[in-house]
There are 2 protein chains.
Amino acid sequence: MTTDAFLADCRARLAFDLLSHTWNAVVLWALREGPRRPVALREQIGGISSKVLTETLRRLQYNGLVDRHEHPGAPPRVEYELTALGRTLLGPIDAVGAWAFTYGDKVMAAQEAADTEQPGAR
Amino acid sequence: MTTDAFLADCRARLAFDLLSHTWNAVVLWALREGPRRPVALREQIGGISSKVLTETLRRLQYNGLVDRHEHPGAPPRVEYELTALGRTLLGPIDAVGAWAFTYGDKVMAAQEAADTEQPGAR
DNA sequence: CGGAATCCGATGCGATACTG
DNA sequence: CAGTATCGCATCGGATTCCG
């Protein structure tokens, strides 16, 4: 596949759009080990509000990456889990995470170097 | 590495932040085959404004992923190319792109199914 | 051509409060 | 507990214009 074809392919754009939403990949990753309730996800992830978590889960559900299971009764009890399709995305996400683990320090070093040359620039 | 450690690792957040900027991955990919001038990048990518392209390139430069080469003279002639660090990110990006190529249809099918059930919802 | 400056509408996310 | 409603701030991205 040529570069142009790759970029023109709406499926590629679609994948980048998926990952370009801040919390999508993080939430998918948090679900990697099994079903989770929203409250557990929020503890596990940290720094995500109830509203944004709900929005993110809805979006992932809309794209067929997670399933929502509602257990009847009070108090409400809901669980989310990855679909088969969602699990296939863990590989690419892991590739990104592994890259970050290996090269993250170099990126931060580059940022510091840029800041040193041009303090205040960015 | 546990899920929690992965999520807490600021390097992982850094990588997701890199990909969460809409055009970063696309521009990096467009540079995969060699140095490019801005005008060529815009033709190759399509749908990106001059301003946003410049911002994206600055951001990538700041993170040490691309180099900017200015050739003196008029008219202005500038080229951007991937750094060694930038090339290491092509692997993970390719993993995402390959996923999109394989599973993109299923995602779009899931979207259509969701739209059919709840027309207007999203 | 490269890119900086400006304006502007759309969207994102967070905080808070509230419902069932 | 799960989710929604509302508000406000910040940011993003597009269009346009102007400069070297």
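Predicted model: local features only at pLDDT ≥ 70, side-chain atom pairs only at ≥ 80, totals over all residues.
Helices (H or I, at least four residues) and strands (E, at least two) are DSSP runs, numbered from the N terminus.

Contact means heavy atoms within 4.5 Å.

Residues are numbered from 1 along each chain as its sequence is written, while chains are lettered from A and ligands numbered from 1 in the order in which they are written. Local features need pLDDT of at least 70, side-chain atom pairs count only at pLDDT 80 or more, totals for chains, interfaces and linings use all residues, and side-chain values use heavy atoms, with hydrogens and water left out.

Now take the two chains together. Chain B superposes on chain A by a rotation of 180° with 0.0 Å of shift along its axis (RMSD 0.2 Å). The two copies are thus related as by a two-fold rotation axis. The superposition is by least squares on the C-alpha atoms of residues with pLDDT of at least 70 in both copies. Within chain B, S20(B) comes closest to the rotation axis, at 1.8 Å (C-alpha). Both copies use the same surface: 98% of the contact residues of chain B recur in chain A.

Next comes DNA strand C. There are 18 residues around DNA strand C, and T22(A), K51(A), R58(B), R68(B) and Y80(B) come nearest. A residue is near a strand if one of its heavy atoms lies within 4 Å of it. Of the atoms of DNA strand C within 4 Å of the protein, sugar and phosphate account for 59%. Polar contacts are pairs of N or O atoms within 3.5 Å; within protein, one must be able to donate a hydrogen and the other to accept it, and residues adjacent in sequence count only if both atoms are side-chain atoms. A polar side-chain atom of R58(B) is 2.9 Å from a phosphate oxygen of DNA strand C. For an N or O atom in the side chain of R68(B), the distance to a phosphate oxygen is 2.4 Å. The largest share of this surface, four residues, comes from α5(B).

What lies around DNA strand D? Of 16 residues, R68(A), Y80(A), T22(B), K51(B) and P76(B) come nearest. A polar backbone atom of V39(A) is 3.1 Å from a phosphate oxygen of DNA strand D. The side chain of S50(A) has an N or O atom 3.4 Å from a base nitrogen. Here α5(A) gives the most to the surface, with four residues.
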